[in-house]
Amino acid sequence: MSAGRPQVLLIEPDGLVRGTVASVCRELQLVRLQQATSIAQGEKWMQSNVDHGLLLSLAERDAALALLTRLRAGELRCEVDIPVAVMVASADAELVVRLKELDVRRLLLQPFRLRDVVHTLEQLWPMPEILVA
Amino acid sequence: MIKPPLPHNEAKRLKALRDLVILDTPPEERFDRISAFAAKEFNVPIALVSLVDHDRQWFKSSFGLEDVQETPRDISFCGHAVAMAKTLIVPDALADPRFADNPMVVGQPYVRFYAGALLRLPYGQVVGTLCIMDRRPRDFDKLDEAILNGLRDLVVEELFRREEAVS
């Protein structure tokens, strides 16, 4: 990771969640947040950009899991082991197992608060000390 | 109670508000969705998109105060926020001389906590607030303020989407 702020891609179709999290990141100078409204748009971005993390809605569940599989297989430009957090309406045992296999670090179950999303960003992608000081 | 002072640019501010052509229009889902989201996020009973007119504050969206469309400006918390030109946070209205005997504090809806983020248009005029209220005193940290400001940004976007559509 470079000495600058980490770059994290947020793939979230809900504009209210996406826009507010992006605004909070700007105001509090957290991660550099890139935004995508769909898995297709997010994957296009990841094919040409190097992100340090992924915050992913499972609204498009199958497409999202396929993207994560390709990420972990090294088919995208980012490192294969970047931290990934997932937001989902509900999770059964099968999904939880699959997410563990894909090394998902954090699972946010809806209805979550934006505060929880921001805390996840802070914990998974902390600021370099030089920027915090 | 201390009545809210008038901002120094009140005439320009009111013109900017009128130019939005939004006063006294029906409720709209795009604003109601944001106020409902704010109420849920902060676990408060009331969240408003409040526009501060000449002698009233009028609610484009009023989660938790559905039967109230406006109140006099001189008893409004939002009037103080607009005059201060910055986010107004009142942790306990009963402990604040500006609001301790305010009719909205000592009577319905019994406001104890207030936080209002300014609806500042891109050319600088402040037309109102996105605000939340609670019936109990509470703290409001820097992250809470950033989240409220983020939701406020979405309200401003919607105000302008409308203005663009009208002009």
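A residue is buried if 20 or more other C-beta atoms lie within 10 Å of its own, exposed if 12 or fewer, and partly exposed in between, with C-beta atoms placed from the backbone. The model is predicted: local features need pLDDT of at least 70, side-chain atom pairs count only at pLDDT 80 or more, and totals for chains, interfaces and linings use all residues. Residues are numbered from 1 along each chain as its sequence is written, while chains are lettered from A and ligands numbered from 1 in the order in which they are written.

**View 1. Burial and contacts in chain B.** Of the 167 residues of chain B, 40% count as buried. Take contacts (C-beta atoms, placed from the backbone, within 7 Å) between residues at least 6 apart in sequence: in chain B, 59% join residues at least 24 apart.

**View 2. The fold of chain B.** Chain B has 5 helices and 6 strands. These are DSSP runs, numbered from the N terminus (helices H or I, at least four residues; strands E, at least two). Their order along the sequence is α-α-β-β-β-α-β-α-β-β-α. The radius of gyration of chain B, taken over C-alpha atoms, is 15 Å, close to the 15 Å from the globule rule for 167 residues, so chain B is as compact as a globular protein of that length. The rule is 2.2 Å times the number of residues to the power 0.38. The C-alpha trace of chain B spans about 45 × 30 × 30 Å along its principal axes.

**View 3. The contact between chains A and B.** Chain B gives 12 residues and chain A 11 residues. On the chain B side, helix H2 (29–42) and helix H5 (142–166) each supply at least two residues. H5(B) brings the largest share, 8 residues.

Conventions:
Contact = placed C-beta atoms within 7 Å.
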